[in-house]
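Hi,

Here is the structure for your set. My notes on it follow below.

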Amino acid sequence: MTDASPDDKTTEIKGERIAKRLARAGLCSRRDAERWIADGRVSVDGKVLTTPAVTVTADSLIVVDGKPLPDADRSRLWRYHKPSGLVTSHKDPQGRPTVFERLPEDMPRVISIGRLDLNSEGLLLLTNDGELARRLELPSTGWVRRYRARVHGTPNVAQLAELERGVTVDGVSYGPIKALLDRQQGSNAWLTVSLKEGKNREIRKVMEYLGWTVSRLIRIAYGPFQLGLLEEGAVDEVPPRVIKEQLGDKGAAKQIGDKSAVKRDGAAGGRDTAAKPQIKARRTPHENRRRPS
């Protein structure tokens, strides 16, 4: 087992909820853990659980799908340049290709921090720590998600400015959205859109509400982490010290190792290359099927 901080040791002595322990082990998010328990996939000390309202300690024997729970690794974080056409899911009922099928084979099991829909592309953060993922997904973290959006139509600058006051679409209230017109190209326009909530298909729904259809959507930043010059389909691990610098507090940064690493362009804290990333032509469907190495 990796060395734990004093706070971690205190937690183990006092115990913690089973869903949180599964999330810390990197198997899943806390919400997924609760579903696994409801499905009878988790047992503690030989007893199959029927409720997540169970506290476990370091001495508890936890088994998931017949296998002992692995020791928790240090928290790790990766930047991934998601191509369009991939589902942000481990399995898809419709048989569509998924993000996790396209990751390098030598990567550990990871989960995404938030999602990008099928036709969206750009920066997707991945982690082996379900608890960290849950924390960084919350709007209360205060991290801005920044996108470049190509819309069909001629955006009205006054309408864009109104979005900073929030908007309600089909009964769903969206928080402040900052949308700036970058350039108009014939019948299409490029916008830079920044928001903190990131509700399901938020940008697409809001733009359609204003009369503009989104034809391309690229996430270029998630909080301090940027897409930068990361190639489509590529994965790049964020150095542990950069994670510590950006997360800072003990609650979010615990168990992050101290291995030294060279800061990579776009990981965080460097020059801002994400504001206008290089936008390449889409790959053909044949090229999109190729597994990135």
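**A buried glycine to start**

G233 is buried, at a relative accessible area of 8%. Here buried means under 20% relative accessible area, exposed over 50%, and partly exposed in between (1.4 Å probe, protein chains only). G233 sits in the loop between β16 (225–226) and β17 (235–237). Helices (H or I, at least four residues) and strands (E, at least two) are DSSP runs, numbered from the N terminus. L103 is 130 residues from G233 in sequence, yet the two C-alpha atoms are 8.1 Å apart.

**Ground rules**

This is a predicted model: local features need pLDDT of at least 70, side-chain atom pairs count only at pLDDT 80 or more, and totals for chains, interfaces and linings use all residues. Residues are numbered from 1 along each chain as its sequence is written, and side-chain values use heavy atoms, with hydrogens and water left out.

**Overall**

The protein has nine helices and 17 strands. Of its 293 residues, 48% are buried. Contact means heavy atoms within 4.5 Å. Among contacts with a separation of 6 or more, 67% join residues 24 or more positions apart. The accessible surface is about 15,200 Å², and carbon and sulfur atoms hold 48% of that surface. Accessible areas come from the Shrake-Rupley method with a 1.4 Å probe; for residues, only the protein chains shown count as cover.

**The largest pocket**

The largest pocket holds about 1,300 Å³ of space. The search ran on a 1 Å grid over the protein atoms alone; a pocket is an open set of points where a 1.4 Å probe fits, with protein on both sides within 12 Å along at least five of seven lines. Grid points are joined across faces, edges and corners, and the volume is the space filled by probe spheres set on the points.

The lining counts 44 residues, and T88, S112, G114, R115 and E137 lie nearest the centre of the pocket. A lining residue has an atom within 4 Å of a point. By type, the lining has 15 nonpolar, 10 polar and 19 charged residues. Ala, Val, Leu, Ile, Met, Phe, Trp, Tyr, Cys and Pro count as nonpolar, Asp, Glu, Lys and Arg as charged, and the others, Gly among them, as polar.

Six elements each supply at least two lining residues: α3 (30–38), β8 (111–113), α4 (130–137), β10 (145–152), α6 (202–209) and β15 (213–222). α3 gives the most, with six residues.

S112 belongs to strand β8. S112 is buried, at 11% relative accessible area. Beyond its neighbours within four places in sequence, S112 contacts T88, F100, L124, L125, L126, A133 and E137. H90 is 22 residues from S112 in sequence, with 9.8 Å between the C-alpha atoms.

**Two helices**

Which residues of α3 are buried? They are A33, W36 and I37. Seen down the axis of α3, these buried residues fall within an arc of 100°, so they line one face of the helix. The arc is that of the directions from the helix axis to the C-beta atoms. Their cover includes α2 (18–24), β2 and β5 (62–64). On the face turned away from the buried side, α3 carries the exposed residues R31 and A38. G40 follows α3, with a positive phi near 75°.

In α7 (240–247), the buried residues are P240, V242, I243 and L247. They cover an arc of only 160° around the axis, so they are on the same side of α7. Just after α7, G248 has a positive phi of about 70°.

**Positive phi outside glycine**

D45 is not a glycine, but its phi is positive, about 50°. D45 lies in the loop between β2 (42–44) and β3 (47–48). D45 is exposed, at 53% relative accessible area.

R201 also has a positive phi, near 55°, and is a residue other than glycine. R201 lies in the loop between β14 (188–195) and α6. R201 is partly exposed, at 37%.

**One more buried site**

V56 is in strand β4 (55–56). V56 is buried, at 0% relative accessibility. Not counting residues up to four places away in sequence, V56 touches G15, E16, I18, R21, V44 and I62. R21 is 35 residues from V56 in sequence and 7.9 Å away, C-alpha to C-alpha.

Best wishes
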